[in-house]
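Good morning, and thank you for the time.

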Amino acid sequence: MGKAMSVVGRQVQRFNVENRAQKVISQAKPKPAPKFESNLRDLERVLKDHPEIVEEQSRKNVQLDENLRQVYVTSKDVMIDPKAAQTQDPDKPLPINRTTVEEYEFGHLEPRTVTKGRCTLRQAVQFIGNHQTDPQQWTSAKIAEYYNMKEPLVKNILDHFKSFEVHLPDKNLERRRVLTRAAEGAKQIE
């Protein structure tokens, strides 16, 4: 229901949009936004106290006009002067190598040295996988000794973390199931 209402609402909003826009554009002067009463009162008070402000705003300031006439804007096209585009600030050099940074295998930079009693993510994945494939050879005590870690910590890691196992279905098994179902269906029809 919500989608239907939004579609209908959108069509109503877009109905005759060009003519409505043309009507607003063709008006001589845009209508100013309404002012709050407090703003109108402040404006009236200022006009009563300082009537010269209105005259000053409507009068042309000769000094400002002369200053504006002295300003000249010149621009240089980069195609005309390619050397101007090549000059750069030596304090802010542009990067020379614009190749993208290669992503790391585990999403972060691995440390070069590992503190005793700790392991990297790569090492943790390695010893978890080793323990899953051969738990008799890769016991928690052997892993703790190999990676200089405390055995209870390694035991907790092995208990609470597992690596993913991928089970791919056998395509021939599915094909055989389809064939046996088809053969059973043919027998029932006979």
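What follows is a short account of the contacts in this model, which is a predicted one.

Let me begin with the aromatic residues. A search of the whole structure gives 3 aromatic pairs. One of them joins tryptophan 138 and tyrosine 146: the ring centres are 6.2 Å apart and the planes stand at 90°, so this pair is edge-to-face. An angle over 60 degrees is what that label requires. Tyrosine 146 also pairs with tyrosine 147, with centres 4.9 Å apart and planes at 80°, so this pair is edge-to-face as well. Phe127, Trp138, Tyr146 and Tyr147 form one aromatic cluster.

Tyrosine 146, by contrast, is exposed, its relative accessible area being 57%. The cut-offs behind these words are under 20% for buried and over 50% for exposed.

Tryptophan 138 has a further contact, this time with a charge. The charged end of lysine 142 sits over the tryptophan 138 ring, 5.1 Å from the ring centre.

I turn now to the salt bridges. How many does a search of the whole structure find? The count is 5.

In helix H3, which spans residues 37-49, arginine 45 and aspartate 42 lie 3 residues apart, about one turn of the helix. These two form a salt bridge whose closest N and O atoms are 3.7 Å apart. Arginine 45 is partly exposed at 47%, and aspartate 42 is partly exposed at 37%.

A second example links glutamate 105 and arginine 122, with the closest N and O atoms 2.9 Å apart. This pair connects distant parts of the chain: glutamate 105 belongs to the loop between helix H6 (82-86) and helix H7 (121-133), whereas arginine 122 is in helix H7, 17 residues apart from its partner. Glutamate 105 is exposed, with 59% relative accessibility, while arginine 122 is partly exposed at 38%.

Lysine 60 is exposed, at 58%, and aspartate 65 is partly exposed, at 21%.

That concludes my remarks, and I welcome your questions.

How values were computed
Residues are numbered from 1 along each chain as its sequence is written. This is a predicted model: local features need pLDDT of at least 70, side-chain atom pairs count only at pLDDT 80 or more; totals for chains, interfaces and linings use all residues. Side-chain values use heavy atoms; hydrogens and water are left out. Rings of Phe, Tyr and Trp (its six-membered ring) pair if their centres lie within 6.5 Å; planes under 30 degrees apart count as stacked, over 60 as edge-to-face and the rest as tilted. Buried means under 20% relative accessible area, exposed over 50%, partly exposed in between (1.4 Å probe, protein chains only). A charge sits over a ring if NZ of Lys or CZ of Arg is within 6 Å of the ring centre and within 35 degrees of the ring normal. A salt bridge is a side-chain nitrogen of Lys or Arg within 4 Å of a carboxyl oxygen of Asp or Glu. Helices (H or I, at least four residues) and strands (E, at least two) are DSSP runs, numbered from the N terminus.
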